[in-house]
Amino acid sequence: MKSLWNDTEAARCESELDLRVYSSRLLGSDPSLVLHGGGNTSVKITEKDLFGEQEEILYVKGSGWDLATIEAPGFTPVRMAHLLKLARLETLSDSEMVNQLKTHQTVASAPTASVEAILHAALPYQYVDHTHADAIVTITNTEEGEARIRDLYGNRVVVIPYVMPGFDLARKVAEQFSQDAHEGTLGMVLMNHGLFTFGDSAQVSYERMIRLVDEAEQYLQQHNAWETPRNHRPTEVDTLTVARLRNDISEVAGFPVVLQCHRSEAALSFCQRNDLAEISQRGPATPDHVIRTKRLPMLNDGLMDYVADYQRYFETHALNARNPVEMLDPAPRVLLDPKLGMLTVGKSSRDAGIVADIYRHTMEIIQRAELLGGWRALPAPEIFEVEYWELEQAKLRKSGASPSLQGEVALVTGAASGIGKACVDSLLSRGAAVVGLDLDETIAYQHDSQSFLGIGCDITDGEVVSDALNQAVLRFGGLDMLVLNAGIFPGGCPVASLDDETWRQVMGVNLDANLRLLRLSHPYLKLAPKHGRVVVIGSKNIAAPGQGAAAYSASKAALNQLARITALEWAADGIRINSLHPDAVFDTGIWTEEVLAARAAHYGLSVDAYKKRNLLRTEITSRDVAELTAELCDRRFSKTTGAQIPVDGGNDRVI
Ligand code: ZN
């Protein structure tokens, strides 16, 4: 590990707080030091208060900020004098501690200070850096952890036995640090937790962190505990098993979850270890990992029932490993299976991704600790305490209402432009994960979101579509909603000269491909936690056909009949199928400006008047159709199937 300190960049910092931001970001840029909001830093600054009196203020990382991207407002200013007084109290409940932090900050709008604020205050240095560095966590989570740390650092660090983060830890540190620290003290190791360094400048504190972690990494290398095994048997995934698993987990959680399948070499190698069931059960790497893999609210009761159920579940499904993290929770966060690999669970794709990042580090930590003489995690009662930790409970209670389609997965065809693209936006904005299929390969890069998977493919190729569905299930865990949107309109042609090839081509895309997609999606839609939904984008032409559009209108009419029959057949599976019949949606791929101008001229109308050629004299946009599509998938239409709804501004031939 190398220091990333850059004198030129540091020289641009105009204040001590700026320097604090700068070196915090350096720490945050290395995921082996801090991951997803982990770690915290502080600086003590003496400044004038409103009355012109000097006051020492601790600027400490506020909750909700990530060291990698933190800015000055991410540091909460709290009065030092009060923090030091708190550190001398005999006891302080965690909720009262949070209240004291909140009521003694000097900026009301600042975020709530880190729960480790008192600990930062108790360390008598201007700058304090704290990480959960993988290398430190690895060494302290072994049988001889404390002896190894003392062997490695000598008396350069103060070693604090494991205490759960919160007031008790701050008090313990305040006591022990003043006893053990001396001039040569560079840092403080918290067993099973992480490392603190400090100094009278941002650079000194940061570089001590890098130096101590670098020594720990070298220690692991010298003890042949760095390279972890990379060998696995190739396995096949049955995506229906994955979808079934997601359905069951969603049921336990009480709402739909995203389930991600991770099958990297590292993940499969870990999951295929002979001792997996044993080593993965010993406990999490740091209390912080338990805390942050826990994003779902908990069920009110039945933890033990759940554990029993869960064991039964694994027995019945012949999945033979589980992780302790999930054992504490009504729904699991991480599942390990030699065949499927590492599976992570979250309310959203982003949450499942965070869990995956954390567990990727955990796998390395466990394996390195094994190589170093035996992984030994926190004892179970400690984990349990973290689980029911007051502060964690408060955090969970605070989380507000979720978007209506959160945790659900939709697939949209023809997703790169027009109505399809708008559908992707509408579904994403309601919290769904979305898979977009399109002939246009740029679909892969259209949305910069972990909740979107774009696959360039031809939906008339059955194998390609089946493969796309598999990818969707591996990425998000299943399929809840299907939007059949892709279609072609070959241009006007009278029946008398309509050739077979055009007819076949239009039927192939507008009809056959949709039948195939329905058929292939059915087993997944059946497993949707909130029941499957299909929205078919039909056409006004079904009710009110026009001359010269025989192939298009016939294909859409046939698709409409297919949808109605599917609604009859799939009702027993709880799957709803509804159709929208848009008309005159001009912001789609089919309507170029020239075509639009030509059609308007044909009717002797201006383009604007042509666009609003309906009873309500209103323009219909892709977004209108998309929002109605999302709405059909949502709660308000939960009791509607087989419906056909026009989106055409009112058409006298349809009404
Ligand atoms: Zn910590």
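His531 lies in the loop between α21 (500-526) and β15. The model is predicted, and in it His531 has a positive phi of about 75° although this residue is not a glycine. With 44% relative accessibility, His531 counts as partly exposed.

**The parallel sheet and strand β15**

- An open sheet is formed by 7 strands in the order β13-β12-β11-β14-β15-β16-β17, and its pairing is parallel.
- Its edge strands are β13 (452-456) and β17 (644-647), each of which pairs on one side only.
- From one strand to the next, the twist averages 15°.
- Strand β15 (residues 533-537) runs parallel to strand β16 (residues 576-582), and 5 bridges join the two.
- Within this pairing, Ile537 has Leu580 in β16 as its bridge partner.

**The antiparallel sheet and strand β8**

- A further open sheet consists of 3 strands in the order β8-β10-β9, with antiparallel pairing.
- The edges of this sheet are β8 and β9 (334-337), and each of them pairs on one side only.
- Neighbouring strands here are turned by 20° against each other on average, direction ignored.
- Strand β8 pairs with strand β10 (residues 341-346) in the antiparallel sense over 5 bridges.
- Strand β8 (residues 258-262) is largely enclosed by the rest of the structure, because 5 of its 5 residues are buried.
- The cover extends to both faces of β8: Val258, Gln260 and His262 are buried on one side, and Leu259 and Cys261 are buried on the other.

**The zinc site**

- The zinc ion is coordinated through NE2 atoms of His130, His132 and His193, at 2.1 to 2.2 Å.
- Along the chain, the donors of the zinc ion follow the spacing H-x1-H-x60-H.

- Strand β5 (residues 157-160) runs parallel to β6, and 4 bridges join them.
- In this pair, Val159 stands opposite Val189 of β6.
- Asn192 is placed in the loop between β6 and β7 (194-199).
- Phi of Asn192 is near 55°, a positive value in a residue other than glycine.
- Asn192 counts as buried, because its relative accessibility is 7% and the limit for a buried residue is under 20%.

- Asn192, in the loop between β6 and β7, is buried at 7% relative accessibility.
- His531, in the loop between α21 and β15, is partly exposed at 44% relative accessibility.

**Helix α9**

- Leu212 is part of helix α9 (residues 202-222).
- Leu212 counts as buried, since its relative accessibility is 0%.
- The C-alpha atoms of Leu212 and Phe196 are separated by 9.8 Å, and these residues are 16 residues apart along the chain.

**A nonpolar surface patch**

- Leu615, Leu616 and Ile655 form a nonpolar patch on the surface.
- Together, these three residues have about 380 Å² of accessible area.
- One of them, Leu615, is found in the loop between α24 (607-611) and α25 (622-633).

Notes
Residues numbered from 1 in each chain as written. Predicted model: local features only at pLDDT ≥ 70, side-chain atom pairs only at ≥ 80, totals over all residues. Heavy atoms only, no water. Buried < 20%, exposed > 50% of the residue type's maximum accessible area, 1.4 Å probe, protein only. Pairing = 2+ DSSP bridges. Patch = residues over 30% accessible without salt bridge, like charges linked within 9 Å, V, L, I, M, F, W, Y side chains within 5 Å. Areas by Shrake-Rupley, 256 points an atom, 1.4 Å probe, with all protein chains shown as cover. Salt bridge = Lys/Arg side-chain N within 4 Å of Asp/Glu carboxyl O. Donors = N, O, S within 2.8 Å, 3.2 Å for Na, K, Ca; no water. Axes fitted to C-alpha atoms, helices over the stretch in contact; angles between N-to-C directions.
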